[in-house]
Amino acid sequence: MSKKPWNNKIKIIQKLESNSTLLSNNSMGIYFEPKAKNSLAIHFKPLNEEFKNEVFQAKEGVLVNFERDLIDEDDIEYALDVMSLFNKYPQFILTNENEVKQIQNVLSLLKKEFFSDSVSYIMLKTLLKVLLLHLIRYQNNGFLEQDLNQKRVFQFLELMEINFLTETNTDFYANKIGISMKRLNQILKEKLNLTAKQIIGQRQITEAKRRLVRSEITTKELAFVLGFDSISSFSRFFKKNVGVSPSAFRMQDKL
């Protein structure tokens, strides 16, 4: 199977540099940096954030960059575990020899598949999931850097993932977290450079794309599912963010 249909969803960069082009600002990234004494530093780029400058100073390493819809295609528990991994652990170091070897083995298989002439999207997605599940399992062995605001970001993302189809108002999430709407937006702007409304909108777009591709849902039904008052308001919202109408997006995917 050709790699071309999937190269806008996942990419691997062997040497990350400050001018390296990622899939999008809304993509997620993991940079694996070999360290002395057979340890492995793992750096995370959550949604809408950038890697710390120290990452670009690494002499060698591998970046795995992917769009969030690769995890949204699976069950919600898995998606939330991945979001937790990225937002609670911006960096940790594996020192256990067996854990390092396990990650390196899976990463090697992922690279081999990605650069293969007969690459399979299903295989890529499966290997990525295996890699993420191992990292989730090992996360408690690493070094945790987390402040109160990072916890609040994760609280918001977790609540949004569960409620975004029925709750799109920022005050709902602020009340659940126990802070003001203004404070929530301040934290999100500081950590993700986006407001709550913008993040919810991104999630709606991801869900709209997924349903347009994976089901026969009509634009009218999709607008209702996502909480829009009318087809026209949803179509304007979708075209503003994607560049084409929902029906045109569906046709493009079938070409």
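Mentor: Contact here means heavy atoms within 4.5 Å. Keep that cut-off in mind for the helix pair we start with. The model is predicted.

Take helix 8, residues 196-214, and helix 10, residues 231-242. Their axes come within 11 Å. They cross at roughly 100°. Angles of 65 to 115 degrees count as roughly perpendicular, so helix 8 is roughly perpendicular to helix 10.

Now the residues at the crossing. Helix 8 brings Gly201, Gln204, Ile205, Ala208, Lys209 and Leu212. Helix 10 meets them with Phe234, Phe237, Phe238, Asn241 and Val242.

Next, the setting. The protein has 255 residues, and 47% of them count as buried. It holds 11 helices and five strands. Look at contacts with a separation of 6 or more: 68% of them join residues 24 or more positions apart.

The largest nonpolar core has 70 residues. Phe32, Phe66, Leu132 and Phe156 touch the most other members. Helix 4, residues 121-138, gives this core its largest share, nine residues. Beyond four places in sequence, its contacts include Leu128 and Leu132. Phenylalanine 66 also touches Ile10, Leu23, Met28, Ile30, Ile71 and Phe86.

Asparagine 163 lies in helix 5, residues 148-163. Its relative accessible area is 19%. The cut-off for buried is under 20%, so asparagine 163 is buried. A polar atom of its side chain lies 2.8 Å from the backbone oxygen of leucine 159. Setting aside neighbours within four places in sequence, asparagine 163 contacts Phe172 and Tyr173.

Serine 39 sits in a loop, between strand 2 (28-34) and strand 3 (40-45). At 11% relative accessibility, serine 39 also falls under the cut-off and therefore counts as buried. Which residues does serine 39 touch, leaving aside neighbours within four places in sequence? Glu33 and Pro34 are on the list. Ile93, Leu94, Thr95 and Val100 complete it.

Start from Ile205 in helix 8 and Phe238 in helix 10, both among the residues where the two helices meet. Then trace the rest of the crossing from there.

Conventions
Residues numbered from 1 in each chain as written. Predicted model: local features only at pLDDT ≥ 70, side-chain atom pairs only at ≥ 80, totals over all residues. Heavy atoms only, no water. Helix = DSSP H or I, 4+ residues; strand = E, 2+ residues; numbered from the N terminus. Buried < 20%, exposed > 50% of the residue type's maximum accessible area, 1.4 Å probe, protein only. Polar contact = N/O pair within 3.5 Å; in protein donor to acceptor, adjacent residues only side chain to side chain. Core = buried A, V, L, I, M, F, W, Y, C linked by side-chain atoms within 4.5 Å. Axes fitted to C-alpha atoms, helices over the stretch in contact; angles between N-to-C directions. Parallel < 35°, antiparallel > 145°, perpendicular 65-115°, else oblique.
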